[in-house]
Amino acid sequence: MATVNGTTLTERQKGLAACACLMAQGDMERLEPAVRMALDNGVTINELKEAFSQLYAYTGFPRSLNALGVLNKVLENKQPNWKEGKPWTRPAEWDDARKAYELGVKNQTQLSGRPFDYDFCPQDDYYLKAHLFGDIFAGDQLSAADREIVTVAALSGLEGVAPQLAAHKQGAVNMGNSQQLVDELTAWLGNEGYTLQSKWPKGEPNPYGKYFIGKSYLADVGGGVMNVTFEPRCRNNWHTHHKQVQVLICVAGRGWYQEWGKGPVEMTPGTVIAVPAEVKHWHGAQKDSWFQHLTYHKDVQQDASNEWLEPVDDTTYNALNK
């Protein structure tokens with residue numbers, strides 16, 4: 001009932017959502033600690049198996065199998081508080097194609113809010129009814145409401161699927177979640193850095209990428225202001241701005257700023273930092289979050305320039321993220 005009537009996400013739901021979102025992105029490095037977090041917070045082993053299996057229909061078998069591989073690896077060091085969950089049983093619908101199809105029609109109609117027939121492509125129409133909403137939804141490890149939390153979280157982590165995400169956000173309500181919970185789910189994924197939710201443009205691959213570890217993107221937003229987007233763990237090299245002050249304004253995600261010889265400063269939306277001229281520093285994303293900041297220069301003097309220096313080594317970076 002916490003799923004159906006909840007006004008806030010439970011820790012268990014957050015665990016399911018985090019794992020689904022990272023699995024969809026193919027980010028196995030971040031998925032491993034997310035799996036541990038989910039198991040610690042009450043998601044069962046069999047529920048994760050079911051979630052990763054279901055998502056093959058949305059993200060493909062390779063990412064589904066890779067995620068199951070991560071779960072298997074995590075279970076090599078199984079903790080006493082992790083629960084196996086409800087024993088898996090073979091759904092009866094798997095042995096009766098007609099029953100699977102009828103169940104699929106029922107589930108798809110409830111999720112869509114109306115009968116849905118994809119006449120343009122009868123093949124996909126059948127696959128959706130008989131397999132996705134029939135065979136897959138016949139499993140009893142996850143409720144229909146939980147399945148939609150998993151699906152919305154996964155689609156939130158993908159680009160180019162806005163129509164499907166919108167449909168499943170409404171479908172999540174139709175399958176038993178409150179509208180408030182669905183809204184909180186997508187906001188939570190963005191606030192925690194699992195997805196990049198920002199009104200600022202991501203831009204194109206950064207032409208200064210050789211001075212960064214990881215992928216970054218650059219967008220000119222006008223007025224001499226640039227928007228820099230960092231993927232999780234991405235950071236630029238140590239560098240210095242000569243004869244000019246650099247201003248950083250965090251607009252999305254979580255990141256780090258550090259001056260040479262000083263401790264790190266956490267950057268979250270609204271953080272503003274004025275980097276003095278001639279000060280060696282770096283900035284970048286935290287290990288488990290996208291990061292986006294605006295940047296511009298002020299007090300620019302004649303012959304102002306940037307000097308790129310050595311990379312921020314893993315030892316320095318990892319020490320900030322423990």
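**Figure 1. The crossing of helices α4 and α9 is right-handed.** This close-up is taken from a predicted model. The axes of α4 (residues 45-54) and α9 (residues 144-156) come within 10 Å and cross at roughly 55°. This angle makes α4 oblique to α9. On the α4 side the contact is made by Glu50, Ala51 and Gln54, and on the α9 side by Arg147, Val150 and Thr151. Sorted by class, the contact of α4 with α9 has 2 nonpolar, 2 polar and 2 charged residues.

**Figure 2. A salt bridge joins the side chains of Glu50 and Arg147.** The N to O distance in this pair is 2.5 Å.

**Figure 3. Glu32 and Lys73 meet through their side chains in a salt bridge.** Side chains of opposite charge can pair when their charged atoms come close. For Glu32 and Lys73, the N to O distance is 3.3 Å. Glu32 is in helix α3 (residues 28-40) and Lys73 in helix α6 (residues 61-74), and the pair links distant parts of the chain, 41 residues apart. Glu32 is buried, because its relative accessible area of 18% falls under 20%. Lys73, with a relative accessible area of 46%, is partly exposed.

**Figure 4. Asp95 forms a salt bridge with Arg90.** The closest N and O atoms of the two residues are 3.1 Å apart. Asp95 has a relative accessible area of 56% and is therefore exposed. Arg90 counts as partly exposed, at 49% relative accessibility. The structure holds 16 salt bridges.

**Figure 5. Helices α7 and α8 cross at roughly 90°.** The axes of α7 (residues 97-112) and α8 (residues 122-136) come within 7 Å. The two helices are therefore roughly perpendicular to each other. From α7, the residues of the contact are Ala100, Tyr101, Leu103, Gly104, Val105, Asn107, Gln108 and Leu111. They meet Tyr126, Leu128, Lys129, Ala130, Phe133, Gly134 and Asp135 of α8. The residues of this contact divide into 9 nonpolar, 4 polar and 2 charged.

**Figure 6. Glu278 has a positive phi although it is not a glycine.** Most residues other than glycine have a negative phi. In Glu278 the phi value is about 70°. The residue lies in the loop between strands β10 (272-275) and β11 (281-285). With a relative accessible area of 44%, Glu278 is partly exposed.

**Figure 7. Asp299, a residue other than glycine, has a positive phi.** The phi of Asp299 is near 50°. Asp299 is placed in the loop between strands β12 (291-298) and β13 (305-308). The relative accessible area of Asp299 is 54%, which means that the residue is exposed.

Definitions and conventions: Residues are numbered from 1 along each chain as its sequence is written. This is a predicted model: local features need pLDDT of at least 70, side-chain atom pairs count only at pLDDT 80 or more; totals for chains, interfaces and linings use all residues. Side-chain values use heavy atoms; hydrogens and water are left out. Axes are lines fitted to C-alpha atoms, for helices over the stretch in contact, and angles run from 0 to 180 degrees between N-to-C directions. Helices (H or I, at least four residues) and strands (E, at least two) are DSSP runs, numbered from the N terminus. Angles under 35 degrees count as roughly parallel, over 145 as roughly antiparallel, 65 to 115 as roughly perpendicular and the rest as oblique. A crossing is left-handed if the near helix is turned anticlockwise from the far one by less than a right angle, and right-handed if clockwise. Contact means heavy atoms within 4.5 Å. Ala, Val, Leu, Ile, Met, Phe, Trp, Tyr, Cys and Pro count as nonpolar, Asp, Glu, Lys and Arg as charged, and the others, Gly among them, as polar. A salt bridge is a side-chain nitrogen of Lys or Arg within 4 Å of a carboxyl oxygen of Asp or Glu. Buried means under 20% relative accessible area, exposed over 50%, partly exposed in between (1.4 Å probe, protein chains only).
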